[in-house]
Amino acid sequence: MEKRVLFIDTAHPLLGLELERLGFQCTHYGGNSRQEILDMLPGFGGVVIRSKIRLDRKALEHAGNLRFIARVGAGMENIDGEYALAKGIACLNAPEGNRDAVGEHAVGMLLALLNHLCRVNLEVRNGVWIREGNRGTEIHGKTVAIIGYGNMGSAFAEKLSGFGANVIAYDKYKKDFSNRFVREVTMEEVFTTADILSLHVPLTGETRQMVNKTYLDSFVRPLIVINTARGQCVDTAALMDAIDSGKVTGAALDVLEYEKLSFENLDSAGLPEDFRRLIRCDKVILSPHIAGWTHESNEKMARVLIGKIRNLYGI
């Protein structure tokens, strides 16, 4: 039972094939019933998930034989990690596998925003040739502030290294991480000097709605906001008010406050007027939670989890 693994979500085929080569028995569940999953959990020593369900305390109480939870991705907010730890369940994730994808996507969104690429692509296709009205803005010489300097934040800093920007970072839980790509600063310096803000934090009680009116009002300079972390880290209403006032001059959002748990779609049943303000605004560019979603990262995350499971079992 200890080496039986339940795949609740899809993963790169390499993950299942390699686990079976290592002697694990893999079962792939293709349904969406939470109750069916809970009923299955007692028979497995490992679970592979993305974001289909919450493995909260109630779910983990059903998992009397579980030794590990492997999250194909970085965010762990859908797992009660504290309770899992108390039960001796290892919680494994794979931010090392999609860090480069997220870093590249953040740079790509920033370049698209600064150079109006989404707008001009449509204009030229429709026979509109506007040059002066579409002058771009350079990254060179700007201060880019990274909030959260883990795998994603550090990857973004590395990708920025050739642009000639002043890259600074604040992380409440890390110290002494300055290197050739970034300079560690206080939050006060972020507020005072940042031209561009990029979020790379997990979704927690501290970071939920972190970017709100008070937070945005604290910045001295007009600001561009990039969010490839979690949508609920940003108060959309406050962001749109800041754009309307000129406090925020543009935003690049790969994630939205209104996503469903699985990130597969928006919560269309209750989209507020602030969402409509967002999608009407030509100072905002959007993508559907795909920053870490490359062909390469899919395989790399599988390889990372294989390594961590092997280490856990000493094989």
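**Ground rules.** I am working with a predicted model, where local features need pLDDT of at least 70, side-chain atom pairs count only at pLDDT 80 or more, and totals for chains, interfaces and linings use all residues. Residues are numbered from 1 along each chain as its sequence is written, and side-chain values use heavy atoms, without hydrogens or water.

I looked up the strand order first. The sheet is open, has five strands in the order 2-1-3-4-5, and pairs in parallel. Strands (E, at least two residues) and helices (H or I, at least four) are DSSP runs, numbered from the N terminus. Two strands pair if DSSP finds at least two bridges between them. Strand 2 (25-28) and strand 5 (90-92) are the edges, each pairing on one side only.

**One pair.** I then checked strand 3 (residues 46-49) and strand 4 (residues 68-71), which pair in the parallel sense over four bridges. Glycine 46 stands opposite phenylalanine 68.

**Helix on the sheet.** Helix 1 (residues 13-21) touches strand 1 (4-7), strand 2 and strand 3, and its direction makes about 170° with that of strand 1. Contact means heavy atoms within 4.5 Å. Angles run from 0 to 180 degrees between N-to-C directions, and axes are lines fitted to C-alpha atoms, for helices over the stretch in contact.

**Helix on helix.** The axes of helix 5 (residues 95-114) and helix 7 (residues 151-160) come within 8 Å and cross at roughly 45°. Therefore helix 5 is oblique to helix 7; angles under 35 degrees count as roughly parallel, over 145 as roughly antiparallel, 65 to 115 as roughly perpendicular and the rest as oblique.
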